[in-house]
Amino acid sequence: MIRRQRLAAGVCALLAALTAGLAVPSTAVADETEQAAPKVELVLDVSGSMRTRDIDGGSRMAAAKQAFNEVLDATPEEVQLGIRTLGANYRGNDRITGCKDTEQLYPVGPLNRTEAKTAVATLAPTGWTPIGPALQKAAADLDGGDGTRRIVLISDGEDTCQPLDPCEVAREIAAKGIGLTIDTLGLVPDAKTRKQLSCIADATGGTYTDVRHKEELSDRVGQLVDRAADPVVTPVATEGANECAKAPSLKSGLYTDRAEFGQQRWYKVDVNPGQELRASVSVADDRAVDPNYGVLLRAVTVHDREIVRGEAAGTGRTDVISTGLRYPRPESDDDDTATAETVCLQVTNSFSAAAGVKTSPGLPLELTVDVVDGPSKASDVASFGLGRGWWLLGALVLAGFLAGLLWGWLSRWRVAVWRTN
């Protein structure tokens with residue numbers, strides 16, 4: 001009996017040691033790069049319709065004020081926050097004047113919670129709904145700097161200042177390549193309001209949310225403000241050319257561009273011997289397009305010889321289509337004379353605009369370029385993506401094998417003892 005207990009304890013100790021050894025994480029290298037402070041501007045609709053009492057027995061304006069107070073209390077210290085209003089001052093019927101009614105209630109910068117709350121408390125539902133002009137001004141408020149920039153628009157109705165289409169304004173903001181995202185929230189929205197606010201968000205890669213209760217509004221605005229504080233990789237704006245010879249030279253990174261319908265965009269990447277080029281591209285249809293479309297990514301030499309390609313097709317079920325490719329350049333026999341090879345990346349899309357839809361600015365295009373050390377052996381490419389994780393898999397297999405042997409031996413010994421008894 002004592003022998004059995006000691007043997008079982010030994011098995012447990014062995015498995016525990018193996019588990020502990022495998023669980024020790026590799027030393028992580030902290031990213032000490034300082035990022036610019038994230039900036040957020042809350043844009044609030046204060047038009048007359050915000051008097052409507054249909055959110056938990058209170059007015060839409062009261063729900064918005066409560067949400068703002070809660071969000072201001074919970075805003076992370078590193079976030080620079082501002083507040084802009086639309087339709088808060090002009091009570092008249094002159095459309096031209098009403099469509100200029102947007103002002104910055106609290107400037108974007110380090111947050112003084114008391115001052116911001118006091119400013120919000122003075123608001124009363126008043127005038128028009130100039131969403132387009134407010135977005136233009138809000139983008140200017142957030143201009144400058146390299147950190148995350150986000151506009152959170154809260155409205156209960158569609159824009160009343162056409163023909164300045166707020167969806168077109170959002171596309172123009174996105175086309176500048178400044179990495180600004182617009183998230184929208186609709187307070188008890190109708191179908192037209194939902195469609196317009198969704199279009200604004202889609203144009204910049206933001207999100208749209210229906211809101212019908214106070215808690216939903218507070219939670220969602222708080223989430224969006226917190227999200228601005230999360231570290232992100234900001235795409236670098238670039239402009240592809242119509243031929244490889246004039247294309248911009250790119251290094252490893254994330255890039256954003258605009259591609260007209262059916263247009264080719266060219267970029268260049270230098271790849272040294274022994275390196276591997278990994279590239280991917282995504283094109284978003286931020287407006288109504290005809291079904292059946294595709295995107296093609298080709299890597300070609302400067303002499304227009306195709307090296308490798310990636311392609312994808314869509315049928316209108318998704319609003320983003322992506323593809324990618326890999327090109328491992330073999331090592332050179334003569335390292336002294338080896339030079340970088342210029343690889344031309346060609347991006348072509350087959351989108352076509354639906355009837356009555358503007359084609360300018362072009363569709364949002366995001367290109368990822370990564371030049372890494374290539375595999376030393378051909379077999380390394382087919383390592384199922386494990387890389388240096390093979391040792392971990394081997395240790396797990398060995399641990400399982402040893403545990404199986406010991407458990408089998410123990411089982412046989414117990415059966416033998418039982419038969420003897």
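Guide: Welcome! A strand here is a DSSP run of E with at least two residues, and the numbering starts from the N terminus. Please keep in mind that this is a predicted model. In total, the chain has 10 helices and 16 strands.

Visitor: Where is valine 281 found?

Guide: Valine 281 lies in strand E11, which covers residues 275-284.

Visitor: Why is valine 281 called buried?

Guide: The word buried requires a relative accessible area under 20%. Valine 281 has a relative accessible area of 1%, so it counts as buried.

Visitor: Which residues does valine 281 touch?

Guide: A contact needs heavy atoms within 4.5 Å. Leaving aside residues up to four places away in sequence, valine 281 touches Val295, Leu297, Ile321, Ser322, Thr323, Val347, Leu365, Glu366 and Leu367. For tyrosine 255, 26 residues apart from valine 281 along the chain, the C-alpha separation is 9.5 Å.

Visitor: How do you know that E11 and E16 pair?

Guide: Pairing asks for at least two bridges found by DSSP. E11 and E16 share nine bridges, so they pair, and the sense is antiparallel.

Visitor: What joins strand E9 to strand E16?

Guide: Seven bridges join E9 (residues 253-259) to E16 (residues 363-373), and these two strands run antiparallel. Threonine 256 faces glutamate 366 of E16 in this pairing. Glu366 is also among the residues that valine 281 touches.

Visitor: How many bridges join E8 to strand E10?

Guide: There are two bridges between E8 and E10 (residues 264-271). The rule asks for at least two, so E8 and E10 count as a pair, and they run parallel. Leucine 250 has valine 269 of E10 as its bridge partner.

Visitor: In what order do the five strands of the open sheet come?

Guide: The order is E8-E10-E15-E12-E13, with mixed pairing.

Visitor: What makes E8 and E13 edge strands?

Guide: E8 (249-250) and E13 (306-314) each have a single partner strand, so one side of each has no neighbour in the sheet.

Visitor: Let's turn to the cysteines. Why is the link of cysteine 99 and cysteine 161 called a disulfide?

Guide: The cut-off is a pair of cysteine sulfur atoms within 2.5 Å. The sulfur atoms of cysteine 99 and cysteine 161 are 2.0 Å apart, so the pair qualifies. The link joins distant parts of the chain, 62 residues apart: cysteine 99 sits in the loop between helix H3 (95-98) and strand E3 (102-109), and cysteine 161 in the loop between strand E4 (149-155) and helix H6 (166-175). About the S-S bond the value is -100 degrees, and the link is left-handed.

Visitor: Are cysteine 99 and cysteine 161 buried or exposed?

Guide: Cysteine 99 has a relative accessible area of 13%, which is under 20%, so it is buried. Cysteine 161 is at 5%, so it is buried as well.

Visitor: What joins cysteine 167 to cysteine 199?

Guide: A disulfide does, with an S to S distance of 1.6 Å. This pair links distant parts of the chain, 32 residues apart: cysteine 167 belongs to helix H6 and cysteine 199 to helix H7 (residues 191-203). The link is left-handed, with -60 degrees about the S-S bond. Both cysteine 167 and cysteine 199 are buried.

Visitor: What makes the disulfide of cysteine 244 and cysteine 344 left-handed?

Guide: The torsion about its S-S bond is about -60 degrees, so this disulfide is left-handed.

Visitor: Which residues form the nonpolar patch on the surface?

Guide: Leu398, Phe401, Leu402 and Leu405 form the patch, with about 380 Å² of accessible area together. To join a patch, a residue needs over 30% relative accessible area. Phenylalanine 401 has its place in helix H10 (residues 390-420).

Notes
Residues are numbered from 1 along each chain as its sequence is written. This is a predicted model: local features need pLDDT of at least 70, side-chain atom pairs count only at pLDDT 80 or more; totals for chains, interfaces and linings use all residues. Side-chain values use heavy atoms; hydrogens and water are left out. Helices (H or I, at least four residues) and strands (E, at least two) are DSSP runs, numbered from the N terminus. Buried means under 20% relative accessible area, exposed over 50%, partly exposed in between (1.4 Å probe, protein chains only). Patches are made of residues with over 30% relative accessible area and no salt bridge: like charges are joined within 9 Å, nonpolar side chains (Val, Leu, Ile, Met, Phe, Trp, Tyr) within 5 Å. Accessible areas come from the Shrake-Rupley method with a 1.4 Å probe; for residues, only the protein chains shown count as cover. A salt bridge is a side-chain nitrogen of Lys or Arg within 4 Å of a carboxyl oxygen of Asp or Glu.
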